[in-house]
Amino acid sequence: MIKIESVSVSLSGTSILKEISLELPKGGITALIGPNGAGKSTLISAIARLVPVTSGRITVDDLDVTKSASRALARRLSVMPQDNNVASRLRVGELVQFGRYPHHQGRPTRTDHDEVGHALKTFDLWDLREKFVDTLSGGERQRVRAAMCFAQGTDYMLLDEPLNNLDIFYARELMRTLRQVADTTGRSIIIVLHDLNHAAVHADRIIGMREGKIIADGSSEDVMRSEALEALFGFRIDVQMIAGKPISLHFM
């Protein structure tokens, strides 16, 4: 379980997160939604120790995020930040191999190579494994970064806007893959999404944030309601049940 206790984060004198308290059990997909500047990415970064916590406490299972050794933490959680900059002269397979570093410390074993191959196949990258990363499209790079996160073999995967640069086909395929990963491996996936309907269809739990606070928290049916979405985004959004899922018509 990831436990977040009264966490606040201030950056350059600006308050970003304000007394956030959450428990994220192991298993399933949790989607973070909300407008720009809501604090979603900062929350992911705080859990991953990429930004310092101003006050409060975050634990991953029995590890205190602020006090634990980096290698121990990297064996519990992996993170895919928004930044899409990667070393250009690496091949796809080499970059995904970096996800295994907390395990092999520069000396990959047969198991590490097998896990990389599994990640490449899971994220439909096997045929691209010998290509240089700088020859890929933006969407292909996103899939490579997701595969690297997966290859790390952690119980918790933190993905910050992984659908950036993906067309509708690959956005759907990535979300389906993540759903399959959660269902078949028991991993917990915490994912920042701007597409409300991907959250509604694929997530077990949706957490809505606005101005550094949690405004909504629950199942798709709980959060994907016109009243709750208006509180999050500031305008009325019609929601209709389609194929048994609450789908927002925010584009209407």
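Please keep in mind that the model is predicted.

Let's start inside. The largest nonpolar core has 47 residues, and Leu178, Ile189 and Ile191 are the ones with the most contacts inside it. What does Ile191 touch, once we leave aside its neighbours within four places in sequence? Its contacts are Ile29, Thr30, Ala31, Leu32, Leu159, Pro162, Met175 and Leu178. Another core, of 27 residues, lies apart from the largest one; Ile4, Ala48, Val65 and Met209 are among its members. As background, nonpolar side chains in soluble globular proteins tend to be buried together.

Now find helix H10, residues 226-233. Ser226, Ala228, Leu229 and Leu232 are buried there. Looking down the axis of H10, those buried residues fall within an arc of 160 degrees, so they line one face of the helix. After H10 comes Gly234, with a positive phi near 85 degrees.

Next is Asp112, in helix H5. Is Asp112 buried or exposed? Its relative accessibility is 3%, so Asp112 counts as buried. Not counting residues up to four places away in sequence, Asp112 touches Gln97, Arg100, His103, His104 and Arg107.

Finally, the rings. The whole structure has two aromatic pairs. One of them is Phe169 with Tyr170, edge-to-face, at 5.0 Å centre to centre and 80 degrees between the planes. Phe169 is partly exposed at 43% relative accessible area, and Tyr170 is partly exposed at 28%. Elsewhere, Arg89 lies over the face of Phe132, 3.9 Å from the ring centre, and the charged end of Arg129 sits over the ring of Trp126, 3.9 Å from its centre.

Definitions and conventions: Residues are numbered from 1 along each chain as its sequence is written. This is a predicted model: local features need pLDDT of at least 70, side-chain atom pairs count only at pLDDT 80 or more; totals for chains, interfaces and linings use all residues. Side-chain values use heavy atoms; hydrogens and water are left out. A nonpolar core is a set of buried Ala, Val, Leu, Ile, Met, Phe, Trp, Tyr and Cys residues joined through side-chain atoms within 4.5 Å. Buried means under 20% relative accessible area, exposed over 50%, partly exposed in between (1.4 Å probe, protein chains only). Contact means heavy atoms within 4.5 Å. Helices (H or I, at least four residues) and strands (E, at least two) are DSSP runs, numbered from the N terminus. The arc is that of the directions from the helix axis to the C-beta atoms. Rings of Phe, Tyr and Trp (its six-membered ring) pair if their centres lie within 6.5 Å; planes under 30 degrees apart count as stacked, over 60 as edge-to-face and the rest as tilted. A charge sits over a ring if NZ of Lys or CZ of Arg is within 6 Å of the ring centre and within 35 degrees of the ring normal.
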